[in-house]
Amino acid sequence: MAQGPGASLNEFIQIDHVKKEYVSGRRTINALRGIDLTIAGGEWVTLLGPSGCGKSTLLNILSGIDRPTSGTVTINGTEISSRTEEQLSQWRGQNVGIIFQFFQLMPTLTALENVVLPMDLAGRGRDRTRASELLNRVGIAELGSNLPSELSGGEQQRVAIARALANDPPLILADEPTGNLDSETGDRVLALFHELWQQGKTIIMVTHDRSIAERGSRTIELRDGLVMRDSAWMETSEDESSELADPYYATSGARDV
Ligand SMILES: Nc1ncnc2c1ncn2[C@@H]1O[C@H](COP(=O)(O)OP(=O)(O)OP(=O)(O)O)[C@@H](O)[C@H]1O
Ligand SMILES: [Mg+2]
């Protein structure tokens, strides 16, 4: 299985028989109809599939924002589906960085304060030096005092990535992180994901775009709440070669991180 150099743990995420039903009036929507997946530490999984197939639902269950109707999710040894809300939010703060399509920054806080916030919530204190370093790492060190409304979409998404890294979580979940960016800015954001993957983060990223999905190390396609295709099913021993295991080389042959 293709993994970044920091790869570890063959069963970092274990998803067993996960179903999610939403009841809306008299209608029941089967958003997930039985998902079984094992994801190793250090994989960069891209989730593809048509609108409504359950991609965001699955991501929200992995972050503990939403709960499965049945089935279990174990991440890094923690069975998250049976935790209380309080335990879950504490667990999430330490273990998961979440990046959304519409950035979802706090509009009244500066870029730097947006990055400090999750540290504060996790009880790490307001480490502004670390927040500055993270903004520097995503290439916008000079924009820390700007409000989100004073930043471009690409800059806002970079703040959101820095915020997701605030507590150095092993798992990054991203729902269409380049969906609102032009292709050049999107490319820069994807290069950042590539860097994180190389540093050993496990990444699960939703996208509509097959060419973006190919940047990851494993592509999983959902259809009607089920896994329809998983590139891991088709892997041969050839895929273990180091060059092919690096998706950025495999797709673009370039690296300008
Ligand atoms: N809170 C909710 N209440 C009721 N139905 C919901 C809710 N959230 C999602 N659904 C339904 O569950 C199904 C899966 O939704 P989901 O948001 O996971 O799709 P998606 O694959 O992320 O789609 P998109 O690509 O449009 O973002 C859809 O039919 C959706 O309408
Ligand atoms: Mg969605």
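By class, four nonpolar, seven polar and one charged residues make up the shell around ligand 1. (Ala, Val, Leu, Ile, Met, Phe, Trp, Tyr, Cys and Pro count as nonpolar, Asp, Glu, Lys and Arg as charged, and the others, Gly among them, as polar.) This is a predicted model, so local features need pLDDT of at least 70 and side-chain atom pairs count only at pLDDT 80 or more, while totals for chains, interfaces and linings use all residues. Residues are numbered from 1 along each chain as its sequence is written, and chains are lettered from A and ligands numbered from 1 in the order in which they are written.

**View 1. Who sits around ligand 1.** The shell is Y22, S24, I29, A31, G49, S51, G52, C53, G54, K55, S56 and T57; to be near the ligand, a residue needs its C-beta atom, placed from the backbone, within 6 Å of it. β1 (8-24), β2 (27-41) and α1 (55-62) are the elements that give two or more residues each. Which element gives the most to this shell? That's α1, with three residues. Helices here are DSSP runs of H or I, at least four residues, and strands are runs of E, at least two, numbered from the N terminus.

**View 2. Helix α3 against helix α5.** α3 (residues 111-121) and α5 (residues 153-164) pack with their axes 8 Å apart, at an angle of about 25°. That makes the pair roughly parallel (under 35 degrees is roughly parallel, over 145 roughly antiparallel, 65 to 115 roughly perpendicular and the rest oblique). Axes are lines fitted to C-alpha atoms over the stretch in contact, and angles run from 0 to 180 degrees between N-to-C directions. A111, N114, V115 and P118 of α3 meet V159, A162 and R163 of α5, where contact means C-beta atoms, placed from the backbone, within 7 Å. Sorted by class, that's five nonpolar, one polar and one charged residues.

**View 3. Helix α5 against helix α6.** Here the axes of α5 and α6 (residues 183-198) come within 10 Å and cross at roughly 15°. So α5 runs roughly parallel to α6. On the α5 side the contact uses G153, G154, Q157 and I161, and on the α6 side T185, R188, V189 and L192.

**View 4. Helix α3 against helix α4.** α3 and α4 (residues 128-137) pack with axes 9 Å apart, at about 120°, which makes α3 oblique to α4. From α3 come A111, L112, V115, V116 and M119, and from α4 come R128, R130, A131, S132, L134 and L135. Eight of these contact residues are nonpolar, one is polar and two are charged.

**View 5. I98 and its surroundings.** I98 lies in strand β6 (residues 96-99). Is I98 buried or exposed? Buried, because it has 21 C-beta neighbours inside 10 Å (20 or more is buried, 12 or fewer exposed, in between partly exposed, with C-beta atoms placed from the backbone). Leaving out residues up to four places away in sequence, I98 touches S63, A164 and L173. I98 and A160 are 62 residues apart in sequence, yet their C-alpha atoms are 8.3 Å apart in space.

Key. Two residues are in contact if their C-beta atoms, placed from the backbone, lie within 7 Å.
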